[in-house]
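Have the viewer open and your selection tool ready. We will take the stops one at a time.

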Amino acid sequence: MMIKNTVYRVKDWMQTDVITISPSATFTQAVATMVTGHTNGLVVAEKGIVHGILSSMDLIRHLVPDYLEEDKHLAAFESGDQFVTRISEIKNDSVKKFMTRDVHTIKSSHTLMEAAILLSEFNIRQIPVVDDAHKLVGYINRTDIKKAIADILELDA
Amino acid sequence: MEPTFYISILLFIATYALIISEKIHRTVVALAGAILMISLGIITQEQAIEGVDFNTLGLLIGMMIVVGIAKDCGMFQYVAIWASKMGKGKPIFIYILLGLIVAIFSAFLDNVTTVLLMVPVTFVVANNLKIDPKPFLIGTILLSNTGGTATLIGDPPNILIGSAANISFNEFLINLAPISLLVSLVTLGLLVLIYRKKLVATPEDQRTVSNFNPREAISDVPLLKKSLFVLSIILLGFFTHSVTHLEGATIALGGAALMLLLTMHDPEHHLKNVEWTTIFFFIGLFILVVGLEHVGVIKLLAIKLLELTQGNMTATTMVILWGSGIFSALIDNIPFVATMIPLVKELGTLAGLPLGPLWWALALGADIGGNATLVGASANVVVSGIATREGHKISFTEYLKIAIPITFVGLIFCSLYLFVRYLI
C-alpha cells in the first residue's frame with residue numbers, strides 16, 4: 001500500500017449543506033429540525049455567525065433536572081411522569097439556554113490534522129467551518145475524518 | 001487612642017460591609033482585609049499566624065474529605081429513601097421523617113452538605129406524591145440549622161467555639177443536643193401545622209412511594225462499608241476525647257487519611273474538592289479578628305456590654321443569645337461568631353462570669369438565628385438557589401413569613417432552656 005503524500009485540507013472533506021437553527025428558536029423547533037434533518041447535531045447560527053452547537057445530548061441534559069444530574073443515586077426513584085411533565089415545562093425554552101457555547105471553529109484552508117486534534121482534544125463530534133469574516137461556510141464531523149482516513153488507506157467506500 | 005485603633009476598626013467595618021454587600025466574593029474580601037491588617041502594621045505576620053485556628057481548619061478539611069468520598073456510595077440517599085418508604089406514603093409522616101433525617105444528618109455533617117444531599121431527595125419524593133416541593137425545601141433549611149446545633153461538628157460556629165474554648169464533643173452533645181432536639185421538634189410541629197393542607201396525596205401516588213426499594217440507591221457496597229467504618233472511627237474518636245485527648249483536627253484528618261488509604265483513591269481529586277474558598281474565608285476572618293483584639297477594640301466592646309447588663313449573668317446570657325440571633329439573621333453567622341469568641345473570653349476575664357452558659361448562648365443564637373432569613377446561613381442560600389433554578393423560587397418575604405415566627409419561638413425555647421438549666 002502506498003501512502004499518499006499530500007496535505008489533506010478541511011475544504012475538501014467538509015460538508016457545505018449545514019443544518020442551522022437560530023439561538024432564539026424553541027426546544028420544540030430544535031427537536032423538529034433534528035427529526036426532519038435526520039441529524040443529532042445542529043449549528044446554532046444567526047446571520048451566518050456561529051453562536052453554538054446543539055446536539056441531542058444537549059436536549060437530554062436540559063430535560064434532566066439539575067438536582068438529578070448531580071445525584072445518580074436517585075435515578076431509580078424519580079416519578080415516571082416527570083419525563084412528560086419536564087418536556088411540557090421546557091418545550092418553549094429557547095435554544096440559547098441549553099446549547100453548547102464556546103464552540104471551536106476551524107477555517108476551510110486549515111488541515112485535517114488540526115480538525116482531528118480539535119475533535120480529539122475536546123471530545124466533540126463536529127466543528128463548524130467559518131471563513132475569514134467568521135461566517136459559517138460548512139462543518140466537518142467525525143464521519144468526514146473517517147472518510148479521509150479510508151481514502152488514505154485506499155479502502156473502498 | 002492610637003491611630004491603629006481607629007484604622008483597625010475602619011478596616012474591620014469596611015470588610016464586614018463588603019461581605020454583606022456580596023459585591024465581591026467574601027473570601028477575597030476577608031483575605032484582602034487580613035493582609036491589610038498586617039501590611040498597615042496593626043499586627044505582625046507572626047501574630048496573624050498565631051491567630052489562625054488550625055484546629056478548626058483541620059477539622060473542617062478532614063470532614064470535607066471524608067464526606068466527599070463517603071457520599072459517592074449512596075448511603076445518605078439510602079437513609080432518606082428508606083425514611084420516605086417508612087412513612088407508608090402518607091405525606092405528613094414522610095414530611096416529619098424527612099425533617100428528622102435532615103436534623104440528624106446536619107448534626108454530623110456540614111449543613112450545606114446536608115441540604116445538597118437532601119434537596120434532590122425531597123424533589124423526587126414530592127414529584128412522586130404530586131405535591132408542591134416548597135414546604136419540603138423550607139423545612140430542609142430550617143431543620144438543617146436546628147439539627148446542626150446539636151454537636152461540635154454540626155455547624156461551623158460550633159466548631160469555632162469548641163476549638164477556641166476547648167469544649168469537647170461530648171460536652172457539646174450533653175449541653176446542646178437536648179435543646180437542639182426540642183427546637184427541631186417544635187419547628188417540625190409548626191411546619192406541619194402550617195402546611196398540613198398541602199400535604200395530601202392520592203392512594204395511588206402513596207403506593208408508589210411505599211413501594212420504593214431503598215437498596216437501589218446504594219451504588220457501591222464496598223465503599224459503603226469503608227465509609228461506615230471510617231465514620232464510626234471518627235465518632236469514636238470524638239466520644240473518647242476525654243481519654244485520648246486527641247483534638248478535632250487530628251481526629252478528622254486521621255479519618256481522611258484512613259479513608260484515602262482504604263479506598264486507594266487518587267488524593268488529588270478529593271483534595272481539590274475541599275471547599276478551599278471556605279477555608280481561606282476562615283483564615284482571613286481569624287486574622288481580622290486578631291487585629292481588632294490586638295488594638296483593644298474587643299476589650300472595649302466587652303466593657304460596654306458589661307455596663308449594659310451591669311455584670312448580671314442572666315442579662316448577659318440573654319443579650320448574647322438574642323443579639324447573636326438577630327445578627328446571625330442579618331449577616332453570615334461565621335464572621336459574627338469569630339468576632340464574638342474573644343469578646344466572650346474577655347467577659348470572663350473582666351467580670352469573672354462563668355463562661356459555659358455564655359458559649360451555649362452564643363452557639364444557640366448564631367445557629368438558630370441563622371434560620372430567620374434566606375441569607376442567614378449558607379444552607380439557606382444554597383437551597384434558595386436550587387429552588388429558583390428548578391422553577392420553585394422562594395421569595396425573600398415569603399420565606400420571612402414562615403421563618404421569623406418559627407425562629408422567634410425557637411429562641412424563646414432556647415431562653416427558657418438556658419435559664420432553667422444554667423441560670424437559676
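Here is a short tour through a sheet, one of its residues and a chain contact.

This is a predicted model, in which local features need pLDDT of at least 70 and side-chain atom pairs count only at pLDDT 80 or more, while totals for chains, interfaces and linings use all residues. Residues are numbered from 1 along each chain as its sequence is written, and chains are lettered from A and ligands numbered from 1 in the order in which they are written.

**The sheet.** Select strands S4, S5 and S6 of chain A, which form an open sheet in that order with mixed pairing. Strands are DSSP runs of E of at least two residues, and helices are runs of H or I of at least four, numbered from the N terminus; two strands pair if DSSP finds at least two bridges between them. S4 (106–107) and S6 (136–141) of chain A are the edges: each has a single partner strand, so one side of each lacks a neighbour in the sheet. Now zoom in on S4(A) and S5(A) (residues 126–130), a parallel pair with 2 bridges. Here A:Ile106 has A:Val129 as its bridge partner.

**One residue.** Next, pick A:Val137 in strand S6 of chain A.

**Between chains.** Finally, show chain B: 17 of its residues are in contact with 13 residues of chain A. Helices H5 (75–86), H7 (111–129) and H21 (378–389) of chain B each give two or more residues to this side, and H7(B) gives the most, with 7 residues.

Definitions and conventions. Contact = placed C-beta atoms within 7 Å.
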